[in-house]
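Here are my notes on the model you sent. They are in numbered points, to be read with the structure open.

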Amino acid sequence: MNTLLPRLYQYIGQQINGSLQEKSIFICWLSLPIYLLIGFGCLAGLILSRWTEEIYNPLLWAGVIWGCSATLFWASLGYFGAQRAMSEDQGQLFAQLTIALFGVSGILSMLLVGPFNLVTGIVLTGSILIGMLLFPAQKIALIFALSIAAILAYAVTISLGGTHYQPLLEPVHAPAAQLWYDLMVIVAATLIIFKDSFTVAALTSTWRHREARTLLQASTDPLTGVANRGYATQVLEQAFLHAEQSGKPLSVVLVDVDHFKQINDRYGHQTGDLALQLVAHSLRDTLRDNDLVGRYGGEEFLLILPGSDAQNAIGIAERCAQALRNITIPGIQNQPALKLTASFGVHSEHASADSSPGDMIEKADIAMYQAKRAGRDRVISSDRMNPPR
Ligand SMILES: Nc1nc2c(ncn2[C@@H]2O[C@H](COP(=O)(O)OP(=O)(O)OP(=O)(O)O)[C@@H](O)[C@H]2O)c(=O)[nH]1
């Protein structure tokens, strides 16, 4: 028991964070005991009340058939769903199918056991909650309206005497069978609550995962994989505010790859793209975890170094410059192997109301152009610049 519970907990956690396909298969397996219980419960009711008129109760027989066939259905769906790895779109379709069938089997069960009890309330609420996470709002509203219409139609038919209201879980006269029914209701309701909770948790995790991915896509430069200009600017604004509050220094570095136009012209645009990717990776690998590299323009990168003063930032920029010099791209079509260098403009300050993130970048930019003018492949800091001529 000591190891079983944590293992079970870990296993459920894995399913919650798995792919949509894995989650849907787990939902199929979770449905099995519920329907097995319904089928077996009705069968037990028939057996236990064999001396009463219950043996002639068609609803009990319907319950047996429904419980057994639904068990078989969920087992088959789970089994066939696990047969091959699905693409993301197929997984999404499979999840929608599973949830739709979950709702349909819930509604069918509800019609069998009678729509006016706690278990059907749980099934309906669960189906709608889960549906809200997977389907568009209009579809859910339509399903909700149809379900309510079905329940109302049933209620009206009963009140007009069109059918005798005889829910499956209630009409047992043999005391032994009644006890079994009560037990079955409690266990089935517990299982349904567990399954609903699992499904909601699993789908919420899918949602969070997607949101994180969308956020990542919106903040990343697709060519190099580092932060894009918009995101880097946001990070700099936050770092500036934080530096203002904490009194710690903040540095920014603008890095511009040297003679990049020539690289494109001589080696082709594809090699140019490869060079940009290598530069981005090299910068990212050279920086600390809480620093940020962003692609600021075509062949220009922005480094944000929170907590670094000028001396520190110059040291980091020198390290990056050296790392870039170590990059070699093999030459093509009689061209020599390509070596990369870049010009670095560093600006550091103790952030205050007199300055702004934009001012910092401007000063780093001026320092970077000084580095270009001074012969490229070097680091120049705004506080060590020659006065403008
Ligand atoms: N391959 C590739 N080239 C790009 C990309 N973005 C911008 N460029 C090119 O980068 C080149 C930048 O050239 P310039 O601004 O003249 O500067 P440079 O040749 O690097 O010269 P210096 O900066 O003075 O050393 C232009 O030719 C742009 O077309 C890109 O995503 N991929």
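1. A definition is needed before the points on burial: a residue counts as buried if 20 or more other C-beta atoms lie within 10 Å of its own C-beta atom, with C-beta atoms placed from the backbone. Note also that this is a predicted model. By that cut-off, both faces of β6 are covered. Ala-342, Phe-344, Val-346 and Ser-348 are buried on one side, and Ser-343, Gly-345, His-347 and Glu-349 are buried on the other. Eight of the eight residues of β6 are buried, so the strand is largely enclosed by the rest of the structure.

2. For the chain as a whole, buried residues make up 33% of the 389 residues. The chain has 12 helices and seven strands. Of the contacts with a separation of 6 or more, 71% are between residues 24 or more positions apart.

3. Five strands form an open sheet in the order β2-β3-β1-β6-β7, and the pairing is mixed. Its edge strands are β2 (292-295) and β7 (379-381), each of which pairs on one side only. From one strand to the next, the twist averages 20°.

4. With β7, strand β6 (residues 342-349) runs parallel, and three bridges join the two. Opposite Phe-344 stands Val-379 in β7, and opposite Gly-345 stands Ile-380 in β7.

5. Which strands does helix α8 lie across? Helix α8 (residues 229-246) lies across β1, β2 and β3 (300-306), and runs at about 25° to β3.

6. Is Ala-232 buried or exposed? Ala-232 has 24 C-beta neighbours inside 10 Å and therefore counts as buried. Leaving aside residues up to four places away in sequence, Ala-232 touches Ala-227, Leu-292, Gly-294, Tyr-296, Leu-302 and Ile-304. Ala-232 and Tyr-296 are 64 residues apart along the chain, yet their C-alpha atoms are separated by 7.8 Å.

7. How many residues surround the ligand? There are 17, and the closest are Asp-258, Phe-260, Lys-261, Gly-272 and Gly-298. Two or more residues of this shell come from each of β1 (250-257), α9 (260-267) and α10 (269-286). By class, the shell has four nonpolar, six polar and seven charged residues.

8. On the annotation: the UniProt entry, which is unreviewed, assigns "transmembrane region" to residues 25-47, 59-81, 93-112, 118-135, 142-160 and 180-203. Residues 25-47 are 100% helix and 0% strand, with end C-alpha atoms 33 Å apart. Residues 142-160 are 95% helix and 0% strand, and here the end C-alpha atoms lie 26 Å apart.

Notes:
Residues are numbered from 1 along each chain as its sequence is written. This is a predicted model: local features need pLDDT of at least 70, side-chain atom pairs count only at pLDDT 80 or more; totals for chains, interfaces and linings use all residues. A residue is near a molecule or strand if its C-beta atom, placed from the backbone, lies within 6 Å of it. Helices (H or I, at least four residues) and strands (E, at least two) are DSSP runs, numbered from the N terminus. Ala, Val, Leu, Ile, Met, Phe, Trp, Tyr, Cys and Pro count as nonpolar, Asp, Glu, Lys and Arg as charged, and the others, Gly among them, as polar. Two strands pair if DSSP finds at least two bridges between them. Axes are lines fitted to C-alpha atoms, for helices over the stretch in contact, and angles run from 0 to 180 degrees between N-to-C directions. Two residues are in contact if their C-beta atoms, placed from the backbone, lie within 7 Å. A residue is buried if 20 or more other C-beta atoms lie within 10 Å of its own, exposed if 12 or fewer, and partly exposed in between; C-beta atoms are placed from the backbone. UniProt positions are given in the numbering used here, feature names are shortened, and annotations may be inferred rather than shown by experiment.
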